Amino acid sequence: MADLFDSAPEPPRREDIAPGAALLRGFARGEDRALIEAIDAVVARAPFRHMVTPGGHAMSVAMTSCGSAGWVTDRRGYRYASDDPDSAQPWPQMPPVLRDLAQRAAAEAGFAGFDPDACLINRYVPGAKMALHQDKDERDFSAPIVSVSLGLPATFQFGGLARSDKPRRYELRHGDVFVWGGPTRLVYHGVLTLKDGEHPLLGRQRINLTFRKAL
Ligand code: MD3
Ligand code: FE
């Protein structure tokens, strides 16, 4: 059924943002329902939770993971772990529809053979944000990170290799996929406070998937 968000879709297209970084607008839009179903199955076994930073602050973004490794933070630090600390069970397997999407997007951006072992699932509700940071807990920085945005739009900040580099801003919308590799793999990035809104499939939230080669 047509709705407000589907009524005037832009055609999927690729924007080269920087060497190694490609924004694939609308790349995941056609498979959004299958992706959400797969996310729901992961979340049924490994619910979203607000993890605590080493500094003792609960994150405003709720997280879970699937794959052979999941990203965790607690008072001891940031790391990848093979078990979900809440259940003491292995993280749910990465659903094939998620893995396939990440591999196709990576190939489209020039990273054929990407084999992610971790998918971090972030949930933002209005008011949630993610401060500028680098992703450097992975062992091998030669693999890219593939990010998939679903639900409410967010303003993404993309800086440089120094925290003080002035970030550029991009609006990330439902179905957009970003691939970060090569020289951009270690740039500072973050997400501004999510504005309120209502998405036809996901309601008052944004979900972001990040596929990583962690181990
Ligand atoms: C650039 N997530 O989970 S996705 C994260 O929207 C994270 O939830 C944000 O940053 C989110 O770590 C941003 C885009 C992204 C993800 C990882 C990157 C951009 C990146 C790693 C290196 C460079
Ligand atoms: Fe990040």
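Me: Hi! Is V42 buried or exposed?

Reply: V42 is buried, with a relative accessible area of 2%. Buried means under 20% relative accessible area, exposed means over 50%, and partly exposed lies in between (1.4 Å probe, protein chains only).

Me: Thanks. What kind of model is this?

Reply: This is a predicted model, in which local features need pLDDT of at least 70 and side-chain atom pairs count only at pLDDT 80 or more, while totals for chains, interfaces and linings use all residues. Residues are numbered from 1 along each chain as its sequence is written, chains are lettered from A and ligands numbered from 1 in the order in which they are written, and side-chain values use heavy atoms, leaving out hydrogens and water.

Me: Got it. Back to V42: where is V42 found?

Reply: In helix α1. Helices (H or I, at least four residues) and strands (E, at least two) are DSSP runs, numbered from the N terminus.

Me: And what is V42 in contact with?

Reply: Setting aside neighbours within four places in sequence, V42 is in contact with S65, C66, P92, Q93, P95 and I121. Contact here means heavy atoms within 4.5 Å. The C-alpha atoms of V42 and M94 are separated by 8.2 Å, although the two are 52 residues apart along the chain.

Me: At what angle do α1 and α2 pack?

Reply: About 130°, with the axes of α1 (residues 32-45) and α2 (residues 96-108) 9 Å apart. Axes are lines fitted to C-alpha atoms, for helices over the stretch in contact, and angles run from 0 to 180 degrees between N-to-C directions.

Me: So what does that make α1 and α2 to each other?

Reply: They are therefore oblique to each other. Angles under 35 degrees count as roughly parallel, over 145 as roughly antiparallel, 65 to 115 as roughly perpendicular, and the rest as oblique.

Me: Which residues of α1 and α2 meet?

Reply: From α1 there are A34, L35 and A38, and they meet V97, L98 and L101 of α2. By class, this contact of α1 with α2 has 6 nonpolar residues, no polar ones and no charged ones. In that scheme Ala, Val, Leu, Ile, Met, Phe, Trp, Tyr, Cys and Pro count as nonpolar, Asp, Glu, Lys and Arg as charged, and the others, Gly among them, as polar.

Me: Which residues touch the most other members in the largest nonpolar core?

Reply: Those are L98, I121, V146, V148, L209 and F211, out of 32 residues in that core. Elements giving two or more residues to this core include β2 (21-25), α1, β3 (62-67) and α2. A nonpolar core is a set of buried Ala, Val, Leu, Ile, Met, Phe, Trp, Tyr and Cys residues joined through side-chain atoms within 4.5 Å.

Me: What is L98 in contact with?

Reply: Beyond its neighbours within four places in sequence, L98 is in contact with L35, A38, C66, L209 and F211. A second, separate core has 31 residues, V61, M63, M130 and L194 among them.

Me: New topic! What coordinates the iron ion (ligand 2)?

Reply: H133 (NE2), D135 (OD) and H189 (NE2) do, at 2.0 to 2.2 Å. Along the chain, these donors follow the spacing H-x1-D-x53-H. Donors are N, O and S atoms within 2.8 Å of the metal (3.2 Å for Na, K and Ca), and water is not among the atoms, so sites may look incomplete.

Me: Are H133 and D135 buried or exposed?

Reply: Both H133 and D135 are buried.

Me: One more: what is the phi of A88?

Reply: A88 has a positive phi of about 60°, although A88 is not a glycine. Most residues other than glycine have a negative phi. A88 sits in the loop between β6 (83-84) and β7 (89-90), and at 54% relative accessibility A88 counts as exposed.

Me: And where is D196 found?

Reply: D196 is in the loop between β14 and β15. D196 is exposed too, with a relative accessible area of 52%. Not counting residues up to four places away in sequence, D196 touches P126 and R204.
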